[in-house]
Amino acid sequence: MQADVPRSGDIPKMVKAVRDRWGRVDILVNTAGVGTAVPASRETPEEFRQVVDVNLNGAYWMAPAGGPAGGTAGKATRIEVAHSGGQP
């Protein structure tokens, strides 16, 4: 299942689709991540906002899917995958 994580309104729709098909959310894997190819000193506010919206806010807004909203009473396994845009 997919959701545009910066659009928190997409997330309840995705959770509903999962619950309609499988009954509950057992495992939640957050793999969304973006980065910019410019040094922070040259990153625009819009670029920074996009990174924060996807990498931080996306994980935050997805968290309820692993709890009661996902039909699991908080017992779903959550896996958070972070990346550095290919940089060490």
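**Close-up views of a predicted model**

View 1. Val29 counts as partly exposed because its relative accessibility is 43% (buried means under 20% relative accessible area, exposed over 50%, and partly exposed in between, with a 1.4 Å probe and protein chains only). This is a predicted model, in which local features need pLDDT of at least 70 and side-chain atom pairs count only at pLDDT 80 or more, while totals for chains, interfaces and linings use all residues. Residues are numbered from 1 along each chain as its sequence is written, and side-chain values use heavy atoms, with hydrogens and water left out. You will find Val29 in strand 1 (helices, H or I with at least four residues, and strands, E with at least two, are DSSP runs numbered from the N terminus). Together, Ile27, Val29, Ile79 and Val81 make a nonpolar surface patch of about 340 Å². Patch residues have over 30% relative accessible area and no salt bridge; like charges are joined within 9 Å, and nonpolar side chains (Val, Leu, Ile, Met, Phe, Trp, Tyr) within 5 Å. Accessible areas come from the Shrake-Rupley method with a 1.4 Å probe, and for residues only the protein chains shown count as cover.

View 2. Lys16 and Asp20 join their side chains in a salt bridge, 2.7 Å from N to O (a side-chain nitrogen of Lys or Arg within 4 Å of a carboxyl oxygen of Asp or Glu). Both residues belong to helix 1, four residues apart, or about one turn of the helix. Asp20 counts as exposed because its relative accessibility is 56%.

**View 3. Arg24 meets Asp26.** In the salt bridge between Arg24 and Asp26, the closest N and O atoms are 2.5 Å apart. Arg24 is partly exposed, at 45% relative accessibility, and Asp26 is partly exposed too, with a relative accessible area of 40%.

**View 4. Arg78 meets Glu80.** Here a salt bridge links the side chains of Arg78 and Glu80, at 2.7 Å from N to O. Arg78 is partly exposed, with a relative accessible area of 42%; for Glu80, also partly exposed, the value is 40%. The count of salt bridges comes to three.

**View 5. The whole chain at a glance.** Now step back: the chain has two helices and two strands, and reading along the sequence gives the pattern α-β-α-β. Of the 88 residues in the chain, 23% are buried.
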